[in-house]
2 protein chains.
Amino acid sequence: MPAAARTKERKTSVDVVFETLYSAINNLEMLPGDKISEAEIAAQFGVSRQPVRDAFSRLANLGLLLIQPQKATEVKRFSRREIAKSRFVRMSVESEVTRRAAQNATAATKAALDANLAQQTLAVEAGSYEKFGKLDYAFHNILCKTAKVDFAFELISAEKANVDRLCMLSLSKEDRMPELLDDHKKIAERVSAGDAEGAVAIGRIHLARLDATIDAIFKDKPDYFEP
Amino acid sequence: MPAAARTKERKTSVDVVFETLYSAINNLEMLPGDKISEAEIAAQFGVSRQPVRDAFSRLANLGLLLIQPQKATEVKRFSRREIAKSRFVRMSVESEVTRRAAQNATAATKAALDANLAQQTLAVEAGSYEKFGKLDYAFHNILCKTAKVDFAFELISAEKANVDRLCMLSLSKEDRMPELLDDHKKIAERVSAGDAEGAVAIGRIHLARLDATIDAIFKDKPDYFEP
DNA sequence: AAGTCGTGACATACTAGTATCTCTGTGTGG
DNA sequence: CCACACAGAGATACTAGTATGTCACGACTT
């Protein structure tokens, strides 16, 4: 979940609408380009239009909705430029994290990475992309902690979330798990060995694979992208 | 300006309120911790409370306002953690941009950088921090274009904006211009020479100076920071 | 005298209804 | 047959008023 800058002690109608739509969009229950109307959603939730409007506004700020004033509101299509930006941030931040992690790596780091990789192997054998994805997050969290920049994990999570909706469209994500796991193993090995530049180099290859996946999705479903 | 995900062809009341408050907050006409009320702002702009509410919501999403439901709304204080995140992103992205710029540098790059530096020198002699700041932006834009990642400039701009409000509090920003200019000259020289790692190393020193400034502000005005 | 409870002022959350803008489709004039 | 104008449908933008939650202050109780 993204961090909205508000206290969350109480749960308002806006929150309910927002959270429901947020996950519906990210789970592709609502597809890019789908038109939605304030009145329709309001009726569905049994509230007036205003809270729906507020929720729409928040979703638009997160880049999930496109509000066309006095015309219509639709689920935002993917923007190749936004994706490129997101990918560049992630590459930059992960390179920096990996570099620092390699410089600070200890025996404990190696142990934590190896334990995570063992679980990743199990997930691949079980063919569970969901499990694998969670362990992938944890893998990066270990690197962030080793690099002593825990907050960087929030950044990586946010950027990952930006493309997660896109990746849900991928046809063959299960097939790619073995090579991703292999990358992780190599990165862990270099980091544990304190070889910063080597680890970064593999990290770049690792992220480039995702670029290929994204290109494949673009060719498969051009309608889901902005012109 | 941050990119709100909405078409901007028409200018609504919400836009007017939003933009006015946005610059008031960034120019420190409204200070961190200041309480503001929907009704008050609505009266001031001669509109009803709803557009003000929408504008508040957008500002809260950008991290400039803290909405405490059914209690109060105030200008958000600075968060040391958020600042650290912002700084880390900028350091990571700029390192990557600088590295690629050095690899792609041509004679035209050198010419563009030198021209920019000549103007920066004039700005420093004139003691104009505002002019210097604008040229600083342009300097980074040249690097992004050389690195062939123009979109990275949007990222850097966004991160810079995140701390610009904070830097407005700095007491001695004019005094620091000469050393910042000196950094820029060294970075330009290394980039033009194609020395990627050398340029990145100076870039790190350059950004670290800003960290020192931020620490000084924190000691000077602790009330403007979150606990 | 100290603690607790109630009340009132004031903040945001929400509802309902009106105004205004944009697109679309149709009919008419050239 | 094509182009333009106009009207209607439907969407969001805005207004005004009501509901509800929070805090502070003062009176009452112990």
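A salt bridge here is a side-chain nitrogen of Lys or Arg within 4 Å of a carboxyl oxygen of Asp or Glu. By that rule, there are zero salt bridges between domain 1 of chain A and domain 2 of chain A. The model is predicted, so to speak of local features takes a pLDDT of at least 70, side-chain atom pairs count only at pLDDT 80 or more, and totals for chains, interfaces and linings use all residues. Residues are numbered from 1 along each chain as its sequence is written, chains are lettered from A and ligands numbered from 1 in the order in which they are written, and side-chain values use heavy atoms, with hydrogens and water left out.

Chain A comes first. Its domain assignment gives domain 1 (13-75) and domain 2 (80-224), with bounds taken from an automatic or database domain assignment. Eight residues of domain 1 of chain A and four residues of domain 2 of chain A make the contact, meaning heavy atoms within 4.5 Å. The C-alpha centres of these two domains are 31 Å apart. Between them they bury about 650 Å², 61% of it on carbon and sulfur atoms; buried area is the accessible area (1.4 Å probe) that two parts lose on being put together, summed over both. Asn26(A), Leu28(A) and Pro32(A) supply 63% of the area that domain 1 of chain A buries against domain 2 of chain A, more than any other three residues. On the domain 1 side, six residues are nonpolar, two are polar and none is charged. In this grouping Ala, Val, Leu, Ile, Met, Phe, Trp, Tyr, Cys and Pro count as nonpolar, Asp, Glu, Lys and Arg as charged, and the others, Gly among them, as polar.

Next, the two protein chains. Chain B brings 39 residues to the contact and chain A brings 40, and the area buried between them is about 3500 Å², with 54% from carbon and sulfur atoms. Eight salt bridges cross this interface. One of the salt bridges pairs Asp54(B) with Arg53(A), whose closest N and O atoms are 3.0 Å apart. On the chain B side, α4(B) gives the largest share, 13 residues. That side divides into 17 nonpolar, nine polar and 13 charged residues.

Then there is the DNA. Around DNA strand D there are 21 residues, of which Arg49(A), Arg53(A), Ser13(B), Ser48(B) and Gln70(B) come nearest; a residue is near a strand if one of its heavy atoms lies within 4 Å of it. Sugar or phosphate accounts for 80% of the atoms of DNA strand D within 4 Å of the protein, and bases for the rest.

An N or O atom in the side chain of Arg49(B) lies 2.7 Å from a base nitrogen of DNA strand C. Lys71(A) has a polar side-chain atom 3.3 Å from a phosphate oxygen of DNA strand C. The surface near DNA strand C has five nonpolar, nine polar and seven charged residues.

Notes. Helix = DSSP H or I, 4+ residues; strand = E, 2+ residues; numbered from the N terminus. Polar contact = N/O pair within 3.5 Å; in protein donor to acceptor, adjacent residues only side chain to side chain.
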